[in-house]
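Dear colleague,

I am handing over the structure we spoke of, with the sequence beside it. Please open it before you read on.

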Amino acid sequence: MSAKPLILRNGLIVTINERRDVFKGDILIEDKYIRGISANVQHNNADSFDASSYVIIPGLIQTHIHLCQTIFRNMADDLKLLEWLNQKIYPMEAAHTPESLRISAQLGLAELMLSGTTTIMDMGTVHHMDVVFEELVRSGIRAFCGKTMMDYGKIPTDLIENTQGAIDSSLSLMKRWHDCADGRIKYAFAPRFVLSCSDELLNVTAKLSQQLKIPIHSHAAETMDEVDLVKEKYHQDTLSYLEQLGVVGPNLCLAHCIWLNEKEKDILYQQNVKVLHCPSSNLKLGSGIAPIPDYLERGITVSIGADGAPCNNNLDVFTEMRLAALIQKPKYGPHIMDSETVMRMATMEGAKTLGLENEIGSIEIGKKADLAFIRLDQIYTIPFNNIYSKLVYSTPSSAVEYLMIDGNWVVKNRSLVYYDIDEIIKQTNHVSNTMFTH
Ligand SMILES: [Zn+2]
């Protein structure tokens with residue numbers, strides 16, 4: 001954090017405010033916060049940064065990430081969800097040591113920040129989660145994170161816990177890490193999905209979530225196979241089952257929501273459940289296409305996430321934005337999911353999903369200075385009239401040159417401030433070759 005105030009001079013500012021202002025101007029940053037925005041900010045004692053070559057946008061928000069899986073990238077292709085989990089992901093998560101988990105988190109965080117993401121909601125693994133929180137603190141990113149909880153079903157013995165054990169270890173992580181790094185890091189309970197969690201685990205999690213005001217981060221209705229298994233077992237659909245257990249409410253953030261029926265969609269809207277949309281993952285696992293235009297029309301909050309590296313295989317928010325727009329068009333028509341709508345999903349709607357709409361998600365006075373700087377003139381993005389079109393359809397993540405979180409530079413001139421990228425590459429290859437490549 002710069003002790004001195006900082007003025008970002010003459011950037012093209014895409015505010016994402018209610019008036020949808022876009023203009024060339026200055027931003028004053030003081031004590032982590034945006035304190036001034038105008039055509040020409042005056043201040044007697046401020047440093048200045050020449051932003052005239054950049055589009056400045058709110059830091060991008062990804063609400064569904066698995067940092068623990070980054071090191072499994074390119075190791076689990078061409079499988080359906082349940083095989084992908086059972087044959088590849090569970091065994092690899094079970095094999096994690098603190099060292100392998102740490103490098104997986106570092107690799108993921110490096111990729112996320114170099115491609116413009118300033119805030120994530122991360123679903124962790126079962127064990128060793130302190131190292132992930134340590135890296136979240138160190139990296140400078142803003143994050144919600146929690147250990148995944150699984151106490152039921154066909155889960156490897158190394159990953160399944162008893163109900164009380166899963167709850168107790170979640171609470172003890174929460175006590176250690178929630179609201180740390182000056183509020184930058186927060187806890188989120190993470191029961192993995194209905195098929196891996198007992199009634200009791202879901203019910204207790206729901207009560208704790210309400211009592212402690214901690215969100216619940218889970219997956220739902222990702223594939224038809226999963227939906228059928230839930231129906232077979234509980235004789236009702238996923239959202240009705242979750243509602244009966246008290247899990248459904250504004251604290252609930254559900255990844256995917258591809259195969260919901262009309263009644264379940266009504267529950268999403270009525271109970272203000274948040275949908276986390278992961279287009280690359282949904283396509284790669286062959287899961288389906290979530291009916292996002294339908295959700296948006298109903299007034300449901302939808303944000304974006306890359307999911308885990310092995311089902312994507314990147315964590316690049318620009319890829320997710322572009323795909324979020326494109327995949328709906330064959331079904332609903334080319335007018336649907338315009339670029340501004342998608343840009344809002346990756347900023348303000350992400351902030352709303354996390355209950356941070358008064359702190360981040362737009363460039364406005366009083367909000368935290370979480371900003372991404374995108375090079376204005378690049379061969380693949382010029383010319384442009386519509387800034388949202390440029391950002392969603394034609395900007396590659398490599399155009400992100402600077403990134404600021406809490407008024408603090410975390411990427412400068414495409415280099416990470418808190419990590420040595422060569423060391424991360426070396427360690428990743430070493431750990432991957434010794435532990436995960438058989
Ligand atoms: Zn996921």
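Predicted model: local features only at pLDDT ≥ 70, side-chain atom pairs only at ≥ 80, totals over all residues.

Helix α9 spans residues 262-270, and among its residues E264, K265, I267 and L268 are buried. An α-helix has 3.6 residues a turn, so residues three or four places apart point the same way. The buried residues of α9 pack against α8 (238-244), β14 (274-277) and α11. At the N-terminal end, α9 is capped by N261, which places a side-chain oxygen 3.1 Å from the backbone nitrogen of K263, while just after the helix N272 takes a positive phi of about 55°.

D294 sits in helix α11, which covers residues 292-298. Leaving aside residues up to four places away in sequence, D294 touches K265 and Y332, and the side chain of D294 also makes a polar contact of 3.0 Å with that of R298.

Which residues line the largest cavity? They are H66, Q69, L81, W84, L85, R192, F193, H219, E222, H256 and D307; by class, four are nonpolar, four polar and three charged. Helix α1 (residues 81-95) gives the most to this lining, with three residues.

With best wishes

Notes
Residues numbered from 1 in each chain as written. Heavy atoms only, no water. Helix = DSSP H or I, 4+ residues; strand = E, 2+ residues; numbered from the N terminus. Polar contact = N/O pair within 3.5 Å; in protein donor to acceptor, adjacent residues only side chain to side chain. Contact = heavy atoms within 4.5 Å. 1 Å grid on protein atoms, 1.4 Å probe; cavity = no way out; pocket = protein on both sides within 12 Å on 5 of 7 lines; lining within 4 Å. Nonpolar A, V, L, I, M, F, W, Y, C, P; charged D, E, K, R; others polar. Buried < 20%, exposed > 50% of the residue type's maximum accessible area, 1.4 Å probe, protein only.
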